[in-house]
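This briefing goes through one protein chain, topic by topic. Please keep the sequence and the model open while reading.

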Amino acid sequence: MKKHFKYLVTAALPYANSFIHIGHISGAYLPPDIFVRYKRLNDEDVIFISGSDEHGTAIEMASISEKVTPQEIIDRYHFANKKAFEDLGINFDIYSRTSNKIHHDTAQEFFLNIYNKNILVQKTEKQLFSEKENRFLADRFVTGTCPVCGYEEARGDECSNCGSNLSPLELINPRSKITGDIPVIKESTHYYFPLGDYQEKLEKWLDGKRGWKQNVMNYCKGWLKAGLRDRAISRDLDWGVKIPVEGNDGKVIYVWFEAPIGYISATKELFTERNEPDKWKDYWMNEDTKLIHFIGKDNIVFHSIIFPAMLMAHGDYILPDNVPANEFMNFEGEKQSKSKGTGVLVKDITAKFEPDVIRYTLASNMPENKDSEFVWKDLQVKNNSELAGILGNFINRTVVFTKNKFDNRVPEIISIPETEDGILAFLIRSLRN
Ligand SMILES: [Zn+2]
């Protein structure tokens, strides 16, 4: 007998500090929505999970520069993005958020699980500390002169002038971005996840994968070849999931570690809402479930190397079955970028066009194997000649023929050839759904 799988489909958690654009949609949201619609049409057991990623320095920084609370920032983008997905007909079973209590609890449990197994490593490192603000300054909270090009407004993690990756300690004349205070160097102790310990297991696991996209596999192989290293999973910050071990005041779980656990918390929340609080285990702790992460290419390492290693370390959960990542969709010859103000926001395009027109245009030009490009002219052509001209004309002709040849009534079915029987059964199922 054919085995029946459950499908646990996730779409990348958008970061709640900007409005989503159509590049995001064609990368990580429309592909799973099409996949999930197909599974639902076939009466398969599928749940579709996403939500906002709401912690980290960028949100705390935005709240400081706008003089509002981080909660105000995340509320603004969470609800706007949730609506943008709905307006495009992308129907998650749940669109959760990592600021919810259930996520904080789940992420802390996850941390404690591997902490109690002595998997984590502690390291003490030098960091910039503002005595005026009485806190360590995370990378984005520091500005100074770039040691590579001399640009005076370089950020603690990168120089926007020459593109160099930096660490705050490399900056010349560093100062706090918030108060201008000149920081001192102090030691801080952090927890590290020993990713290198999982290298062999990951290689073996990936070797057994069939049907993965070549871009994803190549990317993974590149990372594995370079060798995996320990990664810090705590940082000195206020906004985030607190480290659940005593003596770590002012420290939170690094967002890269905590955010993917959001898929688990969101599933718990979904079934709590459905009054079946234990049913999430049927998905996350069941070898007959296929866990599929739809993402954009910038997220490959987190979903096909780091999160699987975390799941291996925890041990109670299934690993991803597939991680289909798309490339990027550019806009009229440029990258869609929030900081440069290029691209098309979903909230703007859905205000002007029907969701199916947008979905059709994006789906017919998806960046599956290489970057693709959105141009307005293309949307016009798809709408006018393909949807209105070809599909619209086909429907119109069918109706006109019915009127002229069958006296305005749908004729009775006399006999159906076998092939058409299958199509008919499929249509009936579609209508029912
Ligand atoms: Zn520079």
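Helix α3 (residues 70–87) has 18 residues, and its first and last C-alpha atoms are 26 Å apart, close to the 26 Å expected at 1.5 Å a residue; the expected span is 1.5 Å times one less than the number of residues. Helices (H or I, at least four residues) and strands (E, at least two) are DSSP runs, numbered from the N terminus. The model is a predicted one: local features need pLDDT of at least 70, side-chain atom pairs count only at pLDDT 80 or more, and totals for chains, interfaces and linings use all residues. Residues are numbered from 1 along each chain as its sequence is written.

**Helix α3**
- P70, I73, I74, Y77, H78, N81, A84 and F85 are the buried residues of α3; buried stands for 20 or more other C-beta atoms within 10 Å of the residue's own, exposed for 12 or fewer, and partly exposed for anything in between, with C-beta atoms placed from the backbone.
- These residues lie on the same side of α3 because they cover an arc of only 130 degrees around the axis, the arc being that of the directions from the helix axis to the C-beta atoms.
- An α-helix has 3.6 residues a turn, so residues three or four places apart point the same way.
- The buried residues of α3 pack against α1 (22–41), β2 (45–52), α2 (57–66), β3 (94–97) and α11 (346–352).
- Just after α3, G89 has a positive phi of about 75 degrees.

**Nonpolar core**
- The largest nonpolar core has 87 residues, and V9, I25 and I253 have the most contacts inside it; such a core is a set of buried Ala, Val, Leu, Ile, Met, Phe, Trp, Tyr and Cys residues joined through C-beta atoms within 7 Å.
- Helix α10 (residues 300–314) supplies the largest share of this core, seven residues.
- Leaving aside neighbours within four places in sequence, I25 is in contact with I20, L30, L88, V346 and L362, where contact stands for C-beta atoms, placed from the backbone, within 7 Å.

**Three-stranded sheet**
- An open sheet has its three strands in the order β7-β6-β8, with antiparallel pairing; two strands pair if DSSP finds at least two bridges between them.
- Its edge strands, β7 (154–155) and β8 (172–176), each pair on one side only.
- Strand β6 (residues 142–145) and β8 are joined over three bridges in the antiparallel sense, and V142 stands opposite S176 in β8.

**Whole chain**
- The chain has 14 helices and 16 strands.
- Of its 433 residues, 34% count as buried.

Conventions:
Contact = placed C-beta atoms within 7 Å.
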